[in-house]
Amino acid sequence: MATLAAAESLTEVSPAEPDATAVILYTSGTTGRPKGAELTHQNLRSNAEASQQMFSTGPGDVTFGGLPFFHIFGQTCALNASVFSGACVTLLPRFDPAKALEIIERDKVTIFMGVPSMYVAILRSPAVASTDKSTLRVAVSGGSPLPVEILHEFEREFQATLLEGYGLSETSPAVCFNQLDGIRKPGSVGTPIKGAQLRIVDPEGKDVPDGELGEIAVAGEFVMKGYWNNPEATAAAIPDGWFRTGDIGRKDEDGVFFIVDRQKDMILRGGYNVYPREIEEVLYEHPAVAEAAVVGVADEAMGEEIVAVVALKDGTDLSAGEEAMAASIKAFAKERVAAYKYPRRVVIVDALPKGPTGKILKREITV
């Protein structure tokens, strides 16, 4: 049996058709069963090039590689974009905030890629104040909504620009971003990137007026061929050439897009639509809250009731007891959102369940 070392080397690059399947990446399954998205060579190449342009990645950059490369965010925006531009990638196999800060200082990281929970963990690390962060020029957040309070806190601490964007496994992933040389609005996901088209549509697929809520639909060279061996799901997701994301959003007068929430995460309380992200943004402003997730639970009177599940910052004073802290958080939210939106229950936990990328998994929360 021949060994690998004895095998003849191949020096020619095997040609590939642009529309040939390059990878099959499974969706994160945040709200349901994962499906395999078939992404082509053209999908991946064009999105890597667009990512490189957005972040101005070049041969002198060092990109933090703390995202798993089996996930499309890490694979395209961190790995592929860096390889495309000749930048260096420094790796961290399992995310740890203290180790991440050590790598930022040691390897003079210039571009940091992460999901919101990573930014929360780094900001809460005791090592953040003493770390030399002077080489970092841009940070990139995706995967789930970034609380505005965390964005502002990170930019103050690191003196670097933090760009929030939006994408999906099915779109290779990036389609919309706050950009270094364009309009930046905290709380938004920016404007469509080169090669992407976005619309806000109603259930019939018709455009809604600017400022009104609807489902985000995406078209362009980044959109997948379809779901692997699942033509029914493909037809449902792309009924007319536009991929239905399942995310509720709006577009403002400047063409900037905002994600309100996942369609499946919406809570219907007493006939009112409640979007958890709005409440979560408020909870992150509470001085004791490190992480938060808002979910709906069945309720005989209201149909669904609003429950906030929170993890507290290290060192939080609980001398008055968890019930008192929960009441404080509930009162804090009640003062800042409409009467039908504030959480009727606050549950304090040690940690929120997360997937491999660090995204909070609401489907695994039980209250």
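**Sheets, helix packing and cores in a predicted model**

Leucine 25 stands opposite alanine 37 in E2. The structure is a predicted model, in which local features need pLDDT of at least 70, side-chain atom pairs count only at pLDDT 80 or more, and totals for chains, interfaces and linings use all residues. Residues are numbered from 1 along each chain as its sequence is written, and side-chain values use heavy atoms, without hydrogens or water.

Strands (E, at least two residues) and helices (H or I, at least four) are DSSP runs, numbered from the N terminus. Strands E1, E2 and E12 form an open antiparallel sheet in that order. Strand E1 (21-26) and strand E12 (226-227) are its edges; each has a single partner strand, so one side of each lacks a neighbour in the sheet. Two strands count as paired if DSSP finds at least two bridges between them. E1 and strand E2 (residues 36-40) are joined by 5 bridges.

H1 lies across E1 and E2, at about 75 degrees to E2. Helix H1 (residues 41-55) also meets helix H2 (residues 72-85): their axes come within 8 Å and cross at roughly 75 degrees. H1 is therefore roughly perpendicular to H2, a label for angles of 65 to 115 degrees. Axes are lines fitted to C-alpha atoms, for helices over the stretch in contact, and angles run from 0 to 180 degrees between N-to-C directions. Contact means heavy atoms within 4.5 Å. Residues making the H1-H2 contact include Leu44 and Ala48 of H1, and Ile72 and Phe84 of H2.

A further open sheet has 4 strands, in the order E10-E11-E13-E14, with antiparallel pairing. Neighbouring strands there are turned by 50 degrees against each other on average, direction ignored. Strand E11 (residues 214-220) is joined to strand E13 (residues 243-251) by 4 bridges. Glutamate 215 has isoleucine 248 of E13 as its bridge partner.

Helix H7 (residues 276-283) is mostly covered, with 7 of its 8 residues buried. Buried means under 20% relative accessible area (1.4 Å probe, protein chains only). Leu283 is among the buried residues of H7.

A nonpolar core is a set of buried Ala, Val, Leu, Ile, Met, Phe, Trp, Tyr and Cys residues joined through side-chain atoms within 4.5 Å. The largest has 53 residues, and Phe112, Phe154, Phe158, Leu283, Val310 and Ile329 touch the most other members. Strand E18 (residues 303-312) gives the largest share, 6 residues. A second, separate core of 42 residues includes Ala50, Met54, Val115 and Val218.

Key
Parallel < 35°, antiparallel > 145°, perpendicular 65-115°, else oblique. Buried < 20%, exposed > 50% of the residue type's maximum accessible area, 1.4 Å probe, protein only.
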